[in-house]
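Here are my notes on the model. Please read them with the structure open.

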Amino acid sequence: MRVEITEAVWLDEHHEFSLAELANLSGLSEAELLQLIDYEALPAMHATVATEARFSADCLLIARTACRLRNDFDLDAGGLALAIKLLERIHGLEAQLRALDAQLPHRRK
C-alpha cells in the first residue's frame, strides 16, 4: 500500500501571494504571470517600488485557469489574457442572470 501526504491550505479573501508564490502554486512562470498583468487579465493587489506585487486568492484561481488553458489549447499570453477576460465576462453575465431570475415569481412546473 502506498501512502501519499498532501498539504492543503485553506484560502480566504485576505490571503495574499507574492509573484514567486503565485508562480509556484499556479504552474505558470513568473514571466507568463507578468505578461498577464500587462494585459490586465491578472490584477495585482498593490505594488510599489519598495515592495513587490501581492496577489489575492482570486488571482490564484485565475492563474490556475490560465495554466490549464495554456496546456489544453497551447495559447500564448495574449490568447490567455483574452480567454481569461471572456471567462470573467461570462461569469459576470451569469451572476446578473441569476440575480434577475431570483426577482421573477417562480412558476410551478
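1. Terms first. Axes are lines fitted to C-alpha atoms, for helices over the stretch in contact, and angles run from 0 to 180 degrees between N-to-C directions. Helices (H or I, at least four residues) and strands (E, at least two) are DSSP runs, numbered from the N terminus.

2. The helix pair. The axes of α3 and α4 cross at roughly 125° and come within 10 Å. The two helices are therefore oblique to each other. On the scale used, angles under 35 degrees are roughly parallel, over 145 roughly antiparallel, 65 to 115 roughly perpendicular, and the rest oblique. The α3/α4 crossing is right-handed; a crossing is called so if the near helix is turned clockwise from the far one by less than a right angle, and left-handed if anticlockwise.

3. Who makes that contact? On α3 it is I62, T65, A66, L69 and R70; on α4 it is L80, A83, I84, L87 and E88. Contact means heavy atoms within 4.5 Å. By class, the residues are seven nonpolar, one polar and two charged. Here Ala, Val, Leu, Ile, Met, Phe, Trp, Tyr, Cys and Pro count as nonpolar, Asp, Glu, Lys and Arg as charged, and the others, Gly among them, as polar.

4. Basis and confidence. This is a predicted model, in which local features need pLDDT of at least 70, side-chain atom pairs count only at pLDDT 80 or more, and totals for chains, interfaces and linings use all residues. Residues are numbered from 1 along each chain as its sequence is written, and side-chain values use heavy atoms, with hydrogens and water left out. The protein chain has an average pLDDT of 87 (the predictor's confidence in each residue, from 0 to 100). At least 70 is reached by 86% of the residues. Helix α4 (residues 77-103) has the highest confidence, at 95, and strand β2 (residues 54-56) the lowest, at a mean of 89.

5. Strand β1. S18 belongs to this strand, residues 16-18. Is S18 buried or exposed? S18 is buried, at 9% relative accessible area. The cut-offs are under 20% for buried and over 50% for exposed, with partly exposed in between (1.4 Å probe, protein chains only). Leaving out residues up to four places away in sequence, S18 touches E52, A53, R54 and F55.

6. Two backbone points to check. Most residues other than glycine have a negative phi. E40, not a glycine, has a positive phi of about 60°. E40 sits in the loop between α2 (30-38) and β2 and is exposed, at 65%. D74 also has a positive phi, near 55°. D74 is in the loop between α3 (57-73) and α4 and is exposed, with a relative accessible area of 70%.
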